[in-house]
Amino acid sequence: MFILYETPAGYAIFKLLDDNKLKEIDNLYLEFESPEKASKIVKLKHFEKFADTTEALSAATAAVEGKVSKTLKKALKKLVVEDVQSQLLVADAKLGNAIKDKLSLQCVANTSVMELMRCIRSQSENLLSALPKKEMAAMSLGLAHSLSRYKLKFSPDKIDTMIVQAQSLLDDLDKELNNYMMRVREWYGWHFPELGKVLTDNVAYVKTIKLVGMRDNMTDTDLSDILVEELEAKVKEAAEISMGTEISEEDIINIQHLCEEILSIHEYRSHLSEYLKTRMMAMAPNLTVLVGETVGARLIAHAGSLVNLAKHPASTVQILGSEKALFRALKTKKDTPKYGLIYHASMVGSASIKNKGRISRSLAAKASLATRVDAFGDDVTMQLGIDHRAKLETRLRMLEENRNTRLSGGKAKAKLQKFHATSEVKTFKVATDSTLPSTSKKIKVEDEAPNAPSPKKIKTEVEGEPSGSAKKKLIQEVTEVKMEEEEPAATDDVTESTKKKKKKKNKTEPQSEVDETPLDESMEASSSTKKAKKGKKAKDE
């Protein structure tokens, strides 16, 4: 019976000399009180040493996952060849099942085996005499660190704290450099004010002051290492006709000391920016390809860490850094900002004013995806960032050319046709309101009414209808149809009657004239008598 014992240095295979000891596990620790007693129970048969820490880590991870590593397989093959019928005592039951499946070796894992392993561990230094104590301790420490990194999936390249600190220091250095440069230009401007107008580059300005000193030395000094020939000629010409005041030697020495400080800070800043670039490419290569190392580092610093930035949605990444403007816009109910720190990306800067909002939204979406890949991916490469950047450049080119085509779908938007409203007047048929079963025949009667059918036909159609109120309604409708047909005949009768009346009037006219004459005479006589009576009364009065 053999025992598989795992150590940081390799695999040890012991032979159990007395199999009955496994049955008496209560007092088993007494047998391992001294190295002499332990050597009587177990004996080292084979030790398979690890070549390096990488091999030890792979073997340890395989054992944790319950798999058989190459080193263990190599050691056990020798054991199988030598003793086919022997059993193997292992501490892990999963590992025992894996060994049994691959090598057809019977494995035992129970509480008795665990107690035996504890006893062997207490005397492992004496039983494994080939390994010194210091070497075993060093290998244990190295394997522990490597295994903890593997379990936590921790990589020293993923430390975003260094990036946050480096970016903060870069911002501070930029502020200090601006303050120092302003002080130097103002200080030396009293002596040589024309130099500031000729040299706009701060580094060239500081190097010139450090090399020349007084403006009187300008004509005799060679500035070809610092300036171009045209600028050198302009500087020397301006020095001859300068309107600046005179300063002492002590003043120019202090100014030159300040120039040296500015140059040293500028040099340190360039080294720090290179360090930041390499760290960003190691930690977030896809984000760096998309927005650049400076903008990417500022986004990480503003979010707090790369993991925090990966948790933000694309809409938050787009306006990250413009929180004051966002809350001011929400308070005043105005338009919210379209971009924050992402505005300083080269792709947004190259877009026109009308397309800056669109391209910043697209860039934020791709940057959010790239950040999540960088934060949570195992084997991260910059291929995703390169592909996204190519798509964004294509989209920017389309936006600048006013071509609104979809990159993913490949089809353009459907053109909307103009809608022309047509007015239709529809009449309502009253007969359709009826819910009785005779509605179909009512509609038939109304449809046939314009064709002027004979009343007899209508009556025959109505005869099949049921009696009652429905029959009365139909009779009323039939009578209406009759009345409409009789109207033209009635008009003809009226015209004929009027003609007959006219003829009768013409015949009666001479008789009426004859009758009217005596009446007129009688009326005239009565009127004359009345007038005579009135005259008499007037005379009497």
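Predicted model: local features only at pLDDT ≥ 70, side-chain atom pairs only at ≥ 80, totals over all residues.
Q: What percentage of the residues of the protein chain count as buried?
A: Buried means under 20% relative accessible area. The chain has 541 residues. The share of them that counts as buried is 32%.

Q: How many helices and strands does the protein chain have?
A: The chain holds both kinds of element. The count is 23 helices and 5 strands.

Q: What share of the contacts with a separation of 6 or more comes from residues 24 or more positions apart?
A: Take the contacts in the protein chain with a separation of 6 or more. Residues 24 or more positions apart account for 64%.

Q: Which residues of helix 12 make the contact with helix 10, and what is the hand of the crossing?
A: Helix 10 contributes V203, V206, K207, I209, K210 and V212. Helix 12 answers with I255, Q256, C259, E260, I262, L263 and H266. The residues of this contact divide into 8 nonpolar, 2 polar and 3 charged. Helix 10 passes helix 12 in a crossing that is left-handed.

Q: How is helix 12 oriented to helix 14?
A: Helix 14 spans residues 293-303. The axes of helix 12 and helix 14 lie 10 Å apart, at an angle of about 70°. Angles from 65 to 115 degrees count as roughly perpendicular. Helix 12 is therefore, relative to helix 14, roughly perpendicular.

Q: Which residues of helix 14 make the contact with helix 12?
A: On the helix 12 side are L276, K277, M280 and M283. The contact residues of the pair divide into 5 nonpolar, 1 polar and 2 charged. From helix 14 come E293, G296, A297 and I300.

Q: Is Q318 buried or exposed?
A: Q318 sits in helix 16, residues 314-318. Leaving aside neighbours within four places in sequence, Q318 is in contact with K338, Y339, G340, I342, G357, S360, R361 and A364. Its relative accessibility is 11%. The cut-off is under 20%, so Q318 counts as buried.

Technical notes: Residues numbered from 1 in each chain as written. Heavy atoms only, no water. Left-handed = near helix turned anticlockwise from the far one by under 90°. Helix = DSSP H or I, 4+ residues; strand = E, 2+ residues; numbered from the N terminus. Contact = heavy atoms within 4.5 Å. Nonpolar A, V, L, I, M, F, W, Y, C, P; charged D, E, K, R; others polar. Buried < 20%, exposed > 50% of the residue type's maximum accessible area, 1.4 Å probe, protein only. Axes fitted to C-alpha atoms, helices over the stretch in contact; angles between N-to-C directions. Parallel < 35°, antiparallel > 145°, perpendicular 65-115°, else oblique.
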